[in-house]
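Below are some notes for a colleague who is coming to this structure for the first time. Please read them with the model open beside the text.

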Amino acid sequence: MSKSRKPNTAKAAAQLVRKTARNSKSAKPHRPATKTASSRQTKRGSATMPARPSKKAAIVALLERTDGAAFSDLTKATGWQGHSVRAALTGLRKEGKELIRAKDAAGVTHYRLAADA
C-alpha cells in the first residue's frame, strides 16, 4: 500500500520566498524613456547614420570595393562564422542587390556588388 504524501507547506513557502527574492533582485527598476529624436542623432547631425556601424554595413562596404572582398575578408571583418556570412550575402540578394562572384589568379573567390546595384 502506498503512502500518501502531504506537501510540507512550510518548505514550499520557503522555496517560494527564495524564488521571488531572487527574481526581484535581478529585475531592473522601470525608467521612463527620456531620449528624444534629437538626442539620438550622431555627432555629424545625421538622423539616418546609426550610432555605431553595423556588421551588415561593413559587409556592404567591403563588397563595394572595386576588387570586392574574399570570403575570408568578410568573416574577419564581422567575426561571424562562414554560414552567417553566406546568410548575409543571401539577404543582400533578396534585397535586390546583384552580387558578382569572380575568381582571381590564385583561385580565391571574390564577391562584389554590381555597379548598378
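1. H2 and H4 pack at an angle of about 75°, with their axes 11 Å apart, and the two helices are therefore roughly perpendicular to each other, a term used for angles of 65 to 115 degrees, with under 35 counted as roughly parallel, over 145 as roughly antiparallel and the rest as oblique. Lys56, Ile59, Val60 and Leu63 of H2 make this contact with Ala88, Leu89 and Leu92 of H4, where contact means heavy atoms within 4.5 Å. The axes are lines fitted to C-alpha atoms, for helices over the stretch in contact, and the angles run from 0 to 180 degrees between N-to-C directions.

2. This is a predicted model, in which local features need pLDDT of at least 70 and side-chain atom pairs count only at pLDDT 80 or more, while totals for chains, interfaces and linings use all residues. Residues are numbered from 1 along each chain as its sequence is written, and side-chain values use heavy atoms, with hydrogens and water left out.

3. The axes of H2 and H3 come within 10 Å and cross at roughly 150°, so these two helices are roughly antiparallel to each other. On the H2 side the contact involves Lys55, Ile59, Leu62 and Leu63, which meet Asp73, Leu74, Ala77 and Thr78 in H3.

4. Which residues of helix H2 are buried? In this helix, which covers residues 55–63, they are Ile59, Val60, Leu62 and Leu63, buried being under 20% relative accessible area, exposed over 50% and partly exposed in between (1.4 Å probe, protein chains only). Because they cover an arc of only 160° around the axis, they lie on the same side of H2, the arc being that of the directions from the helix axis to the C-beta atoms. The buried residues of H2 pack against several elements, including helix H3 (71–78), helix H4 (82–94) and strand E2 (99–103).

5. For the protein as a whole, there are four helices and three strands, in the order α-α-β-α-α-β-β along the sequence; helices (H or I, at least four residues) and strands (E, at least two) are DSSP runs, numbered from the N terminus. Buried residues account for 18% of the 117 residues.

6. Ala115 lies in the segment after E3 and is exposed, with a relative accessible area of 85%. Between Ala115 and Leu99 there are 9.7 Å in space, C-alpha to C-alpha, although they are 16 residues apart in sequence.
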